[in-house]
Amino acid sequence: MERPGSSKSSSPVFEMAEEDASAPATSQQDKKMAYHKVNADQRVQGHSPYLDNDDLQATALDLEWDMEKELEEPGFDHFRLDGAAHHPLGNAQRPDLDLEPIQPSTSPKGRFQRLQEDPDYVSHYTRQAPKSNRCSCQVLKVLCTVMILFILGILVGYYAHKKCPPSSTSPEPNNPHVYQEILKEIKAENIHQIYRDLLQFPREEDTDVAMRILARWTSHGLEDVQLANYSVLLDLPGSSSNTVTLKNSGDCFYPSGQQCNREAKKLRSQELPYSYAAYSAKGTLEAELVDVQYGTVEDLVRIQAITDVTKKIALLKLGQSPLLYKLSLLEDAGFGGVLLYIDPCDLPKTAELADKAFMVSLNSGGDPSTPGYPSSDGIYRRNRSNLTTLLVQPVSAVLVKKLISLPEDGNRKDRCIPLELPATEKKIISLNIQSVATYKTISNVIGYLKGTVFPDRYVIIGSHHNGLNSYDGQAWASSTAVITAFIEALMWKAKRGWKPDRTIVFCSWGGTSFGNIGSYEWAEDLKRVLQRNVVAYISLHNPVRGNSTLHPIASPCLQQLAAESQSFNCVEKTNCPGSNVSSVQIQGDSDYFINHLGVPATQFSYEDVKASENSSFLFEALFPVHTTKPEELDPSFRLHETIAKLTGQVTLRIASEPVLPFNALDIALEVQNSLKGGQVDTQQLLAVASRLRDTAELFQSDEMRPANDPKERAPIRVRMLNDVLQSLEKSFVVRQAPPGLYRNILYRLDERTSQFSVLLEALEHSKLHQSNETIQAALSEVLNSINSAQVYFKAGLDVFETALAGKK
């Protein structure tokens, strides 16, 4: 293979000269003696019948000696074909010779300049002229050598060209023009067709669906695609549906609100099992129903002041805060069961889900039987089919109305009145929950498009598939169609020679509905590799949930990139979506990467306008069949196309820009904003946050600005800078967080709150338990995170300063 800077006009003579240039020099007489000895041996072997004459041998020696001296100059080692054969001279293997070393010239001038400007250089290496009767032989020798070299050059060039034909594709530079060419290949009609093809899959096992996706990705040219299978513990519906019975009247209901009778069971047998809470406690509980509304700390304080809630059943609304957090409060309070529902007033007007039952998962993430480590063969497994002591049952709003005896009132259609159990009524219900814990195989589809400059740095883009049952409706097909269309566009360009700088990893996760099990197991399996190599995670979880507003979510360091991508893709459009990028908790398989690896993440999705401030976390409910299917929300699939292009733009920039497009200063600003306006004394935290901002400003101006200028960019500094940027958020992953809250404290609960969620929760906890201990612990966690980030930035600056000092 040819070295950079080498020339194809090299010759064996040059090769010999270069080989000998590294050996010590000797006198002319010693050189001749060694040369005579070698060629005498060659004559015996019949190698050179034209060198029998001593005069010709001497002439050849003089010519070769002069060429060696000329070719010892710096730069002539470039005129060598690496694949050429080496012919060592005889004197190179004579250890008994007293050789005088020749020092290489350090002059930066060319060889011919020094010959003109430095006469001593020429005279120092001048040999005595050969005798006159040898002149004709010398000229003849030179001419023959030139002719032989010329012919050999033609032959080598011909066969080299014949064996190595010019590539039809040539690498293209990574620039916005290339990005646009790739994104133009993403078309709405293609996504729609892929979506329809995916829905043709029968309801099969997870591995079967994953195999079909793998075949599709491979057919588009993605070479390295593989399955990652894990045997995990799932909590599935039993053979019969769960029931709720009113003891006052004896009426029995299914979770959807239908009465318990055989006809209804036969008529809706496919939908009945879907309404349940995975990993809930099992059994039967008969107790009083207590309305706790949204289950906030204020609600619990109010209720506990008037009644004993031990072993009673809470009537709980989904929304406002994470379900796992609210269940933990109810469990601590002593409740024995929970009826969970969505208030119709919290739903968008376009959603008709009041009479629909749904499923929720009580799993915080991963295989419950192998917490913290992958579900590999031979691994120890725990018996954890129940992740709570509560009997939890999701029900429809229709059933809740029947339980609270709410009359049908036509005047209610004009305005929405939140559901509430009258304080004067006492309802006794019997809750029967039967689900089955069993081991199933969960499959992930993982595909790689290898990078050319930083192949050991990964940009992960993830969607999800659903093969066990359609607990998430048809959203999985929408997610998979978008990522598949993006793969098609990338491979179209890759076949023409383009490759990203960093490796792009495409993932279709299994087991998402049960607590992001597939992504957790894969990430736990490769934890050490991912901790070092993952640069960012881009989520495609349920990209079209509505059709009214674009809702971008991004880590603080990626907020600017997400905003720029929206503008970039709206240059030629008149109605560009105006939306603010926020850092709030999101649903889906980005969970492990954000909360355990501290990886920057982003997600684009379309949603409906929220009906109320309590609408947050309604996405935790998974409906088996949506009345508003993706094809109804987006008939032309233009919204899907927009999401695909926005996601593609962010992915391409992170994967291909020399310096990661992360903003260090935005993290410091987010920290300062999260400490303002809270009810907790944060003066010490604000002082540390101010130092973090100062260090981040210095880092961004002194290190990131020069690195983004090609004229000042040095490869080693770029790599060092990217290593710092890659780990910006790791300092903000706290050791522990309340159930349902992110361990990465840079993410807020929702758009309504701007403070750190762990501080808000600690404040609520102190009101409930009349103790400041949790507040002090939360303050210490936040303080340590901010200080750790400041030290990290400072250490990065010190490394660069040391590198500069060493260079000088």
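The structure holds 2 disulfides. The model is a predicted one. A disulfide is a covalent bond between the sulfur atoms of two cysteines. Counted along the chain, the bonded cysteines follow the pattern 1-2, 3-4.

Cys-252 is partly exposed, at a relative accessible area of 22%. Cys-260 is partly exposed too, at 27% relative accessibility.

Another disulfide joins Cys-345 to Cys-416, with an S to S distance of 1.8 Å. The link of Cys-345 and Cys-416 is left-handed, with -100° about the S-S bond. Cys-345 sits in the loop between strand E7 (337-341) and E8, and Cys-416 in the loop between helix H13 (397-403) and strand E10 (428-433), so the pair ties together parts that are 71 residues apart in sequence. Cys-345 is buried, because its relative accessible area of 15% falls under the 20% cut-off. Cys-416 has a relative accessible area of 46% and is partly exposed. Two further cysteines were examined for burial. Cys-507 is buried, at 0% relative accessibility. Cys-557 is buried as well, at 1%.

The next element is a sheet. Strands of a sheet pair through backbone hydrogen bonds, either parallel or antiparallel. Here an open sheet of 7 strands has mixed pairing. Its strands run in the order E1-E11-E13-E12-E14-E17-E16. Strand E1 (224-237) and strand E16 (553-554) are the edge strands, each pairing on one side only. Within the sheet, strand E14 (residues 534-539) pairs with strand E17 (residues 601-603) in the parallel sense, over 3 bridges. Ile-538 has Thr-602 as its bridge partner in E17.

Helices pack on this sheet. Helix H14 (residues 475-494) touches E11, strand E12 (454-464) and strand E13 (502-509). The direction of H14 makes about 145° with that of E12. H20 also packs on the sheet, where it touches E12, E13, E14 and E17. The direction of H20 makes about 175° with that of E14.

Ser-443 lies in strand E11 (residues 435-449). Ser-443 counts as buried, at 0% relative accessibility. The side chain of Ser-443 makes a polar contact with the side chain of Asn-229, at 2.6 Å. Ser-443 and Asp-206 are 237 residues apart in sequence, yet their C-alpha atoms are 6.2 Å apart in space. Leaving aside neighbours within four places in sequence, the contacts of Ser-443 include Asp-206, Thr-207, Ala-210 and Ala-228. Also among them are His-465, Ser-508, Trp-509 and Gly-510.

Ser-369 is found between strand E8 (360-361) and strand E9 (391-394). Ser-369 is buried, with 0% relative accessibility. Its side chain makes a polar contact with the side chain of Asp-367, at 2.9 Å. Not counting residues up to four places away in sequence, Ser-369 touches Leu-233, Tyr-380, Arg-381, Arg-382 and Tyr-439.

Burial also marks a helix. In helix H21 (residues 664-674), 9 of the 11 residues are buried, so the helix is largely enclosed by the rest of the structure. Among the buried residues of H21 are Leu-665, Ile-667 and Val-671. Asp-666, Glu-670 and Gln-672 are also among them. Asn-663 caps the N-terminal end of H21. A side-chain oxygen of Asn-663 lies 3.1 Å from the backbone nitrogen of Leu-665.

Lys-311 has a phi near 65°, a positive value in a residue other than glycine. Lys-311 occupies the loop between helix H11 (297-304) and strand E6 (313-317). Phe-637 also has a positive phi, of about 65°, although it is not a glycine. Phe-637 is placed in the loop between helix H19 (630-633) and helix H20 (638-656). Lys-311 counts as exposed, at 57% relative accessibility. Phe-637 counts as buried, at 0%.

Definitions and conventions
Residues are numbered from 1 along each chain as its sequence is written. This is a predicted model: local features need pLDDT of at least 70, side-chain atom pairs count only at pLDDT 80 or more; totals for chains, interfaces and linings use all residues. Side-chain values use heavy atoms; hydrogens and water are left out. Helices (H or I, at least four residues) and strands (E, at least two) are DSSP runs, numbered from the N terminus. Buried means under 20% relative accessible area, exposed over 50%, partly exposed in between (1.4 Å probe, protein chains only). Contact means heavy atoms within 4.5 Å. A polar contact is a pair of N or O atoms within 3.5 Å; within protein, one must be able to donate a hydrogen and the other to accept it, and residues adjacent in sequence count only if both atoms are side-chain atoms. A disulfide is a pair of cysteine sulfur atoms within 2.5 Å. Two strands pair if DSSP finds at least two bridges between them. Axes are lines fitted to C-alpha atoms, for helices over the stretch in contact, and angles run from 0 to 180 degrees between N-to-C directions.
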